[in-house]
Protein chains: 4
Amino acid sequence: MIDIQSDVGQTRFEIESVGVTGLSYPIAARDGATGAVQRTSAKWRMGVALSAERRGTHMSRFVAELQKRAAEPMDLDDHYRFAMSICERLDAPRADLTTEFTWYREVKAPVTGLVSMLENHVQLRSVTGPRGGKTLQVTVPAKSLCPCSKAISERGAHNQRSDIRVAVTFAPDAPVLSFERLMELVEQSASSPVYPLLKREDEKLITEAAYDKAVFAEDIVRNAAQRLYDLPNVSRFEVEAINRESIHAHDAYARVVFER
Amino acid sequence: MIDIQSDVGQTRFEIESVGVTGLSYPIAARDGATGAVQRTSAKWRMGVALSAERRGTHMSRFVAELQKRAAEPMDLDDHYRFAMSICERLDAPRADLTTEFTWYREVKAPVTGLVSMLENHVQLRSVTGPRGGKTLQVTVPAKSLCPCSKAISERGAHNQRSDIRVAVTFAPDAPVLSFERLMELVEQSASSPVYPLLKREDEKLITEAAYDKAVFAEDIVRNAAQRLYDLPNVSRFEVEAINRESIHAHDAYARVVFER
Amino acid sequence: MIDIQSDVGQTRFEIESVGVTGLSYPIAARDGATGAVQRTSAKWRMGVALSAERRGTHMSRFVAELQKRAAEPMDLDDHYRFAMSICERLDAPRADLTTEFTWYREVKAPVTGLVSMLENHVQLRSVTGPRGGKTLQVTVPAKSLCPCSKAISERGAHNQRSDIRVAVTFAPDAPVLSFERLMELVEQSASSPVYPLLKREDEKLITEAAYDKAVFAEDIVRNAAQRLYDLPNVSRFEVEAINRESIHAHDAYARVVFER
Amino acid sequence: MIDIQSDVGQTRFEIESVGVTGLSYPIAARDGATGAVQRTSAKWRMGVALSAERRGTHMSRFVAELQKRAAEPMDLDDHYRFAMSICERLDAPRADLTTEFTWYREVKAPVTGLVSMLENHVQLRSVTGPRGGKTLQVTVPAKSLCPCSKAISERGAHNQRSDIRVAVTFAPDAPVLSFERLMELVEQSASSPVYPLLKREDEKLITEAAYDKAVFAEDIVRNAAQRLYDLPNVSRFEVEAINRESIHAHDAYARVVFER
């Protein structure tokens, strides 16, 4: 059959990235630092750069490579190597690969010690080539309590759920952080962690502890940034907190970006 | 040209509803009680029942009718009449029409009186025929503060944004409520309204007022239900509150359904 | 500590359903007919009815019960039994439980036989009590090609991705269908199945096969309804097809509802 | 009252952006080139940079400024000036402002000439400061037909809805393109435009025209890029096409980025 994608074109434009997106596929996600594995469903975006001379990429190869690889555990280093193999298989100048899934972290209620599984969202991103790298992003739910509301009010203080997203980029050969250590580091930047399962004793402690540790969105991202700054092997990080304000129908956000 | 949709089929199944959905189209939404008009973008679902003998409906007629009608102001009664005209134009046993849009309500901060525009979501639903009716649904953001957390904690109490959805069905010929009166009725069922624009004095008042009016999701829906029960001309209502719990990553909900 | 949720209230309104929603928790989903198990992440809504005399439910018990149960494989029958145990644990008149997850089905490209994993969405729903039952819902992607466009055009025909949702309710003690058998039944109602991995030979076959089997949204739901009608033990079913029309920015839909 | 946000902090981290997001507010959007105005609902993100010495920004000022400005028509130049005024009002090193809304374009069916309103999504983005600029982004639905499927199949060819997003950045003082001219330029890059309202004659023409103009995602973005390259005053552009593949449950995408 004819192979239209290999036509030599005459364009002046390189394609920065072309491939598949919105692809659901299973993953056996592995925390590279602890070795823990969770089997779940992931969303994949898989792309390559395409030089100006080539008309099209071969879309089916992305899925064919993924099908070969999906059953085996994959950590961030494996993910970067997978991007390298995609780059080679597609004969491309550069590959970029993004994979998102939910990672469950076993947490214990602070007083009763009751165990439950807290959802945290992980994104692995690998970009090959000289300006590339491997990035671990986690998004962690937490609780924030407003310092201003606390300071001006005779009783109570508004508080809300926050989503804190941290993306940490490592050099290709650097050892990486544990998913869970990064998640814990992030949630300690807010007024309190959140938990799926709490009894009254726990709820009392969290209510009071959050009241005693009021933070703005700006404080959350700086608290996290300070901790990330002290980590080894990190070439870049980004922290964004989004507070689902309970006195408004809109959110407050703050973002720090740091490049070494 | 041939008209395949008019083929006589041999199926045993009536189509309960067939039509277009996910259709964005402009609306000049009118509050039937106050006469206020807001021009905005709406999402439309427009369908008809189809008897077992007919293979297909004529999809283009939905959009053709909407195009004729969209520029003129439309309140819930107009919406019901529009559903009737769709039913006739499509020569159908029954039509059902759902239209969703954002309605901005001018609100005033409780101390400073500063004015801003609060988003509220409106859904109009009209179903023709003997079991039909016209339904006004509003979804209103509000603040809820947990009575349990308040009772057991020495300081503070967890609170969060809530979304409260109320759907009120009227007989086809009954006069309808104002959008805004229904929205106000709903937000008074929670611990406090929310506002886009608040100065410190307002924030202090809201923080303290919410602390003084702690409600569970169950309380919110019952508070709203009591108020709805007292309204005239209502044949059915449904109230659902969803609290975006600030001590969890999940939500709490409660729902009341009442049929006269 | 005081237990505010157990306050005796004075309301006239029963709560139709109260509980937790938007809860992400792991599941070991089991196909009750084949025994196949997939571990993944699910979204849970867990609720109970609450009589007019009780102020609140005990929200933490939902998660506590789920935590006890989540590691063990769960099929639709287990799900219904879990709803029964929730009902008992919460001392409630009725429990309702909804669980959604992605189930991967191994599919083979029609010519090359290449294997890949296709995402299908499953919802399990159990409602206890006399009007209750257990419902298996699957949503399956497929391809639809428009009979009208084919009939009137000299070349080509518009076609598009469709999402077909089927919900089948069984009596509590009836044996249930395999997830995968139901998914296959559904996708055969459209113009062609879709696949994650296709080579050119496969793409040619699918293009031509879909051209040869043009269907309206109305045809899809009736094709599926006929097959569902012939199944044993089914007390109710609902089929909805949504075609992501490629000549419009909106969708076409059709729905059949059948109750025995 | 005390003003905690003005505390002098001791952090080493500048906040790249802090403000409000997910804010729904009315807009009277104006096409700066044609003067056409549409009143609708918009989503706003409004932020400023914050130096390392300041603890927090004054969140209420964003909404206060927006409330003052929202009723008056706003084109991209007004939007940039609004960002400048936010920057000054918040006494900030830099402001960034993003506003998204649906713009309805009157389109005519190609044979019958029937008029309808097609949804297109517009994003205005203004960033003040030396590396800033004003960016007009439009996302336009269109139809794409696969050249490979057409070439290898004896009849038919798979086709689907595509979403094409183009972001064009202008120097702060450059005149800007009409929304609608940019939308038309974009949709001409695909196999065919899409329309809300089509009669059979129109559907025939579109089916055949799309069959005669098969394009890959890569072709769409290069077609658009060539046209954008020829426009005056453009300092940067980005084009991304996402094809909702009708033979898969996932999408294909391609992206070109060009900086002068």
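**Exercise 1. Chain A as a whole**

How many helices and strands are there in chain A? Describe the chain's box, its burial and its contacts too.

*Solution.* 
Step 1. Chain A has 6 helices and 10 strands. The model is predicted.
Step 2. Take the principal axes. Along them, the C-alpha atoms of chain A fill a box of roughly 75 × 35 × 35 Å.
Step 3. Turn to burial. Chain A has 260 residues, and 65% of them count as buried.
Step 4. Look at contacts in chain A with a separation of 6 or more. Residues 24 or more positions apart account for 66% of these.

**Exercise 2. One residue of chain A**

Is Leu23(A) buried or exposed?

*Solution.* 
Step 1. Find the element. Leu23(A) sits in strand 1 (residues 15-30) of chain A.
Step 2. Apply the cut-off. Buried means under 20% relative accessible area. Leu23(A) has 3% relative accessibility, so it counts as buried.
Step 3. Leave out residues up to four places away in sequence. Leu23(A) then touches Ala42(A), Lys43(A), Trp44(A), Met46(A), Val63(A), Leu66(A) and, from chain D, His250(D).
Step 4. Leu23(A) and Ala83(A) lie 60 residues apart in sequence, and their C-alpha atoms are 16 Å apart.

**Exercise 3. A helix pair in chain B**

At what angle do the axes of helix 1 and helix 2 of chain B cross? Classify the pair and name the residues in contact.

*Solution.* 
Step 1. Two packed helices are described by the angle and the distance between their axes.
Step 2. Helix 1 covers residues 59-69 of chain B, and helix 2 covers residues 76-89. Their axes come within 11 Å and cross at roughly 140 degrees.
Step 3. Angles over 145 degrees would count as roughly antiparallel. Helix 1 and helix 2 of chain B are therefore oblique to each other.
Step 4. Helix 1 of chain B passes helix 2 of chain B in a right-handed crossing.
Step 5. Name the contact residues. Helix 1 of chain B supplies Arg61(B), Phe62(B), Glu65(B), Leu66(B) and Arg69(B). Helix 2 of chain B supplies Asp78(B), Phe82(B), Ile86(B) and Arg89(B).
Step 6. Sort them. This contact has 4 nonpolar residues, no polar ones and 5 charged.

**Exercise 4. Helix 5 of chain D**

What span should helix 5 of chain D have? Then find its buried residues and their cover.

*Solution.* 
Step 1. Helix 5 (residues 200-212) of chain D has 13 residues. At 1.5 Å a residue, it should span 18 Å.
Step 2. Its end C-alpha atoms are 18 Å apart, which agrees.
Step 3. The buried residues of helix 5 of chain D include Asp202(D), Ile206(D), Ala210(D) and Tyr211(D).
Step 4. The cover over the buried residues of helix 5 of chain D includes helix 3 (147-152) of chain C. From chain D, it includes strand 6 (133-145), helix 3 (147-152) and strand 8 (192-193).

How values were computed:
Residues numbered from 1 in each chain as written. Chains lettered and ligands numbered in written order. Predicted model: local features only at pLDDT ≥ 70, side-chain atom pairs only at ≥ 80, totals over all residues. Heavy atoms only, no water. Axes fitted to C-alpha atoms, helices over the stretch in contact; angles between N-to-C directions. Helix = DSSP H or I, 4+ residues; strand = E, 2+ residues; numbered from the N terminus. Parallel < 35°, antiparallel > 145°, perpendicular 65-115°, else oblique. Left-handed = near helix turned anticlockwise from the far one by under 90°. Contact = heavy atoms within 4.5 Å. Nonpolar A, V, L, I, M, F, W, Y, C, P; charged D, E, K, R; others polar. Expected span 1.5 Å × (residues − 1). Buried < 20%, exposed > 50% of the residue type's maximum accessible area, 1.4 Å probe, protein only.
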